[in-house]
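Hi everyone, thanks for coming. Please have a look at the sequence and the structure, and then we'll walk through a few spots together.

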Amino acid sequence: MEYITRGVCGQEGCRETRYYLDNGLWFCRRGHQQEGRQVEADADDFGTQGRTSRIKKAAVEKAQRTYRGRQASRLFLQVYQLILWKQSYTLVQSRGFPPEFENVIRDLWALHLDTFADQIKELSELDDEPRFFSSQPASSFDEPPEAKLGTTQTKWPRLIDSVALCYIAALLMRLPVSIEDFHRMAIRGEMPFIRIIKDIPREMRDRLPPQFIAILETTKLIQPEHLHAAVADLLSYYHHRFDMQFPPLNWPFLLYRYIKRLALPIDIYPAVKRLQHLLGFSFAYPTGTNGRRRPLQLPEVQVVVLIVISTKLLFPFDDYNRYPLSSKEPSVQVIDWVLWAQNQRNYDRERTAGGKLGKGNEISVTEKDILSMTPSQMDEYMDWYESSWLDHSKAQNPLASFFPVNVNASESQTASASVEGNDAEALLSMLRTSTSQLKSTKVITGESIDTPRPGSAYARYRTEADLPETARPFFETTAKVAGISLSTLVRAVSQAEHKITRWLEEHRRVEAIKDTLDTDVSRDTSEMDDQDMSGSGEGE
């Protein structure tokens, strides 16, 4: 019998590798029948044994789920609307915003959608290709905010515009929330912003083309000044397109918050109100700005500029002695600016007490910072990285169970819940220390030309380099609180001081003209009296 060597039989532990053919069936040498039936070659079909014929299937292109054209645009707007809802819902549920806040966001977005109706209509006229594609995208985006689709240039909403829209809703509701507050909440993860793309359902995310995905990705760190510009642009858009009128800031509450954060005496409050009327600030966003927007036109910048000028008038940064007329004047108090700067540094350290990395500082960590981290700081950073960057919607790797994550989830939630309490305690401690360190100056009553009074020898700083060492910490802290750069604050203060100088010059000119007119009138009156008296004497 002829045997053919093949693979191991394997039936009932058989290790036989030699087989024979019997009536078209294969059997191993021990008699185990193999699976399948082997048809014996026909004698008339000689020479064809061993030839294999395979039927080729028709080439079918694998359909991808990514949308394009009008359908992709509509899906992107739906995703953006979902992001707005997530942000507004988080602010209401976690940050104490009123429930009506979500309705205001919805109405503002409904108005904004009207902008994209015509754009999507134009896209539909140009979209003659199928809805799905599996090759390179037909359109390319030079920058995330702008897309060139067909022959029209379409401007889509940016991710930063969602935060700006939340601020506008708070402005309409007269909530005492600043732009820096929204920037801090976005950076610290207290509202959805960083890596918002992972919070979008995967079914929607997979259908978005990469150009729209790039708009929703946070590729660089958001700056507060960028948020200022985005808010001003959106307000200008709503005003020109829908003729909307926006109220001014709820500046009394905001001014009180700034004064409290800067640990300044409350006497700054009435001084700011007087300067506001002098400069004509309404603390409202400008509606018709032609050309480049100036920082002094932004209402929150106006508030901090008046705080800086009032502080320079009442509590100057030099060692020049000025004596008030009465003990009731605010300038009786003297601030030691060296101690003030030290209190601000202590406040920043207390916010990250206990060797913590500090909420909101994780995103700015560099490679060099990691080398100097403590184990607790490293755990804090990895917890933040897990919550911000890991996408749990993807299928888990089989080996993932050997590397558990989110071990310290309860501890991190407890730590994040106590962050605000630590900030409030640190701020209260700084206020108590700063208040106890205030000194009093000598009071000199009576009018005297040689006695320097508060407000005299007023120093102006035109550039950042002109700031003295005692004034720089105050300017830096104020700029950080307002969400602007130090150079922007110095420039805005210089512009406001220039306006005050022009007002003083105009006021002096009017007073001089008035005194001249009064002198001329009195001279003419005396001459007329002399003529009347001489005329009456001749008559007698």
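Let's start with two helices, α4 (residues 179-187) and α7 (residues 224-242), whose axes come within 10 Å and cross at roughly 120 degrees. Helices here are DSSP runs of H or I with at least four residues, strands are runs of E with at least two, and both are numbered from the N terminus. The axes are lines fitted to C-alpha atoms, for helices over the stretch in contact, and angles run from 0 to 180 degrees between N-to-C directions. The angle makes α4 oblique to α7 (under 35 degrees is roughly parallel, over 145 roughly antiparallel, 65 to 115 roughly perpendicular, and the rest oblique).

Before going on, a word on the source: this is a predicted model, where local features need pLDDT of at least 70, side-chain atom pairs count only at pLDDT 80 or more, and totals for chains, interfaces and linings use all residues. Residues are numbered from 1 along each chain as its sequence is written, and side-chain values use heavy atoms, with hydrogens and water left out.

Which residues of α4 meet α7? They are Ile 179, Glu 180, Phe 182 and His 183, and they meet Pro 224, Leu 227, His 228 and Val 231 in α7; contact means heavy atoms within 4.5 Å. By class, that contact has 5 nonpolar, 2 polar and 1 charged residues (Ala, Val, Leu, Ile, Met, Phe, Trp, Tyr, Cys and Pro are nonpolar, Asp, Glu, Lys and Arg charged, and the others, Gly among them, polar).

Now for some loops. Arg 174 sits between α3 (159-172) and α4, and its phi is near 60 degrees, a positive value in a residue other than glycine. Is Arg 174 buried or partly exposed? Partly exposed, with a relative accessible area of 35%; buried means under 20%, exposed over 50%, and partly exposed in between, using a 1.4 Å probe and protein chains only.

Ala 263, in the loop between α8 (251-261) and α9 (268-279), also has a positive phi, near 55 degrees. Ala 263 counts as buried, at 9% relative accessibility.

Our last stop is Ser 456, in the loop between β8 (439-440) and α16 (472-482). Ser 456 is partly exposed at 26%, and it touches Tyr 320 and Arg 322, leaving aside residues up to four places away in sequence. Its C-alpha atom is 9.9 Å from that of Pro 316, 140 residues away along the chain.

Zooming out, the protein chain has 17 helices and 8 strands, and 38% of its 540 residues count as buried.
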